[in-house]
Amino acid sequence: MRVALLRTYGAVPELAERPDPNPGPGETLVQVTAAPIVPLDVLCASGTSYFGQQSLPYIPGVQGVGAVLRSTDLPAGSRVWFATSAGMAPGDGSLAELCTVPLANLIPISANVPDVAAAALGTSGIAAWMSLSWRAALQPGERVIVLGASGAVGQVALAVARHLKAARVVAVCRSETSARRARNAGADEVVVLRPETRADLTARLLEAVGGPADVVIDPVFGEPAAAAAMALGAWGRLVNIGGAAQDVAEFSSAILRGRTIGILGYTNNAISAEQRAEALTQVLRLAERKAASVDHRVMPLSDCDRAWAAACESGPRIVITP
C-alpha cells in the first residue's frame, strides 16, 4: 500500500510503499478515504512533542474517515470516523491507503456528509461541541466570544454556539481574511486583533458582544485570553483548549473573584468514548444541514510532501485522499 512515511523527525513525510497491515485482536482494517493533517500531527513529527519521540519510521495521521474492510463487530463497508495514536504511541496512522484501528476508536457515520468534510471536522468538531455543551454548559440566551475563530475548532465553535441558541456570538481573528472565514461560519460580529492594550481589546469585545459575555472559547491563550476574561460578566466561564498564541496568560484576581469567573481547561483526552461519539455525531448532523463546516483543501496522498508543507502554514485545513 502507499503511505506518507516519516523517516526523520523535523522532516517532511515522503510517499512510500509498505506492506498491507493485518488487524490484530480487537482491531479493524479500514480503507482510508480521507485523512486531515492537523497541528498534533505536525507537533508529533517535529520530535518535540510532550508525548516524546516514537520509533521511526512511522505513518502520521491521528484521525481519518474510511470504510471497514475487515472486522468482527462491524459489517464490511461500514462508513466510520476513526482515531489513532500515531506519533503519541508506537504504531502507524491514517495517512495511508489502509489503517488498522482498535474497535474502541471507531465511530460509525450515518450523516450524509462527504468524507473529506467529515475528516476536516473530526476532533476539532468534538472539541468545539464538548467545550461549549459540557465544559462551559452554555445556556440558551447566553453570549459567547470565540477566540482563534478562523481555526478549525473556532469555526465549529461558532456554529455550535448558534445551534445551542446563544444570543450573540462574537469571533476574534487575526486578519481580514480570517474574519471572512469567521463570518461565513456564523459569527454575529468579528473583532480583528491589532496592536493595542489589553484594556482596549476588552473594550472592543464588550462593544461587539453588547455587554459582558457569558462564555469564552479559547484555543489561543496569552493576551487575547486575558483581555477576553476581563469581558466576562458574573459567573462567566473561559474554556481553554489550546495555547496557539502563548502558553501563559495573566488574569486579575480581583476580577475573577469579584465576578465569580471560572477559568476551565478542556482536552478531548478527558472525555469518554461515548461522549466522543455523541459529540461527533451531533456535529456531523449540523454539517448535514450545512450548519457547520471547516474550511478545507483536498490534496492527494501522492502529494503528501507538498500537503504537509501546506498544513504547516496558516490557511484551510489540508485533507489527504488516498
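Reader: Which are the buried residues of H6?
Author: Please keep in mind that this is a predicted model. The buried residues of H6 are Gly222, Pro224, Ala225, Ala226, Ala227, Ala228 and Ala229.

Reader: What covers the buried residues of H6?
Author: The cover includes helix H5 (198–209), strand S11 (213–218), S12 and helix H7 (253–259).

Reader: Is Phe221 buried or exposed?
Author: Phe221 has a relative accessible area of 15%, so it counts as buried, the cut-off being under 20%.

Reader: Where else is there a positive phi in a residue that is not a glycine?
Author: Thr260 has one, of about 55 degrees. Thr260 is found in the loop between H7 and S13, and with a relative accessible area of 37% it is partly exposed.

Reader: Let us go to S12. Where is Asn240 found?
Author: Asn240 is found in strand S12, which spans residues 232–240. Its relative accessibility is 19%, so Asn240 counts as buried.

Reader: What does the side chain of Asn240 reach?
Author: It reaches the backbone oxygen of Gly242 at 2.7 Å. The side chain of Asn240 also makes a polar contact with the side chain of Asp218, at 2.8 Å.

Reader: Which residues does Asn240 touch?
Author: Leaving aside residues up to four places away in sequence, Asn240 touches Asp218, Phe221, Leu264, Gly265 and Tyr266.

Reader: New topic: how many aromatic pairs does the structure hold?
Author: The structure holds 3 aromatic pairs. One of them joins Tyr50 and Phe51; this pair is tilted, with 4.6 Å centre to centre and 45 degrees between the planes. Tyr50 counts as exposed at 67% relative accessibility, whereas Phe51 is partly exposed at 28%.

Reader: What kind of pair do Trp134 and Tyr266 form?
Author: Theirs is edge-to-face, with 6.3 Å centre to centre and 80 degrees between the planes. This pair links distant parts of the chain, the two residues being 132 residues apart. Trp134 is in helix H2 (residues 115–135), and Tyr266 is in the loop between strand S13 (262–265) and helix H8 (273–288).

Reader: Which of those two is buried, and which is partly exposed?
Author: Tyr266 is buried, with a relative accessible area of 9%. Trp134 is partly exposed, with 41%.

Reader: Could we turn to helix H1? Which of its residues are buried?
Author: In H1, which covers residues 39–46, Asp41, Cys44 and Ala45 are buried. They cover an arc of only 95 degrees around the axis, which means that they are on the same side of H1. Strand S3 (27–37) and helix H9 (304–311) are included in what covers them.

Reader: What comes just after H1?
Author: Gly47 does, and it takes a positive phi of about 85 degrees.

Reader: Where is Pro57, and what bond joins it to Leu56?
Author: Pro57 is found in the loop between H1 and strand S4 (63–70). A cis peptide bond joins Leu56 and Pro57, with omega at about -5 degrees. In general, most peptide bonds are trans.

Reader: Last topic: how much space lies in the second largest pocket?
Author: About 230 Å³. The second largest pocket is lined by 18 residues, and those nearest its centre are Gly91, Asp92, Gly93, Cys99 and Thr100.

Reader: Which strand gives the most to that lining?
Author: Strand S6 (residues 98–102) does, with 4 residues.

Technical notes: Residues numbered from 1 in each chain as written. Predicted model: local features only at pLDDT ≥ 70, side-chain atom pairs only at ≥ 80, totals over all residues. Heavy atoms only, no water. Buried < 20%, exposed > 50% of the residue type's maximum accessible area, 1.4 Å probe, protein only. Arc of directions from axis to C-beta. Contact = heavy atoms within 4.5 Å. Polar contact = N/O pair within 3.5 Å; in protein donor to acceptor, adjacent residues only side chain to side chain. Phe/Tyr/Trp six-rings, centres within 6.5 Å; stacked < 30°, edge-to-face > 60°. 1 Å grid on protein atoms, 1.4 Å probe; cavity = no way out; pocket = protein on both sides within 12 Å on 5 of 7 lines; lining within 4 Å. Points joined across faces, edges and corners; volume = space filled by probe spheres on them.
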